[in-house]
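Student: I would like to take a close look at a single part of this structure. Could you please describe the salt bridges and their surroundings in one connected account?

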Amino acid sequence: METKIRQFRQESGMTQQELADSVGVTRQTINALENARYNPSLMLAYKITKTLGKNAIEEVFLIDDAD
């Protein structure tokens, strides 16, 4: 799953560690999400979305439903 986490995080001036601390995960988890190596739980996706100041999960997480 692709995401816009890196883009929105950088726009807001946050580091991976700051985002991780805000949502209760490790920096490595944020890195894995930004590099499409990990699919988050719905709750984690929600927390990241709200922390990044977005209203909808679909703004941050790009779901390819072609499968």
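Tutor: Glu 34 forms a salt bridge with Arg 9, with the closest N and O atoms 2.6 Å apart; a salt bridge is a side-chain nitrogen of Lys or Arg within 4 Å of a carboxyl oxygen of Asp or Glu. This pair links distant parts of the chain, 25 residues apart, with Glu 34 in helix H3 and Arg 9 in helix H1. The model is predicted, so local features need pLDDT of at least 70 and side-chain atom pairs count only at pLDDT 80 or more, while totals for chains, interfaces and linings use all residues. Residues are numbered from 1 along each chain as its sequence is written, and side-chain values use heavy atoms, leaving out hydrogens and water.

Helix H3 covers residues 27-34; helices (H or I, at least four residues) are DSSP runs, numbered from the N terminus. Arg 9 is buried, at 7% relative accessible area, and Glu 34 is buried as well, at 9%. Buried means under 20% relative accessible area, exposed over 50%, and partly exposed in between (1.4 Å probe, protein chains only).

A search of the whole structure finds two salt bridges. Arg 6 also forms one with Glu 34, the closest N and O atoms being 3.4 Å apart. Here Arg 6 lies in helix H1 (residues 5-11), 28 residues from Glu 34. Arg 6 counts as partly exposed, at 32% relative accessibility. Through shared partners, the salt bridges join Arg 6, Arg 9 and Glu 34 into one network.

Methods. Helices (H or I, at least four residues) and strands (E, at least two) are DSSP runs, numbered from the N terminus.
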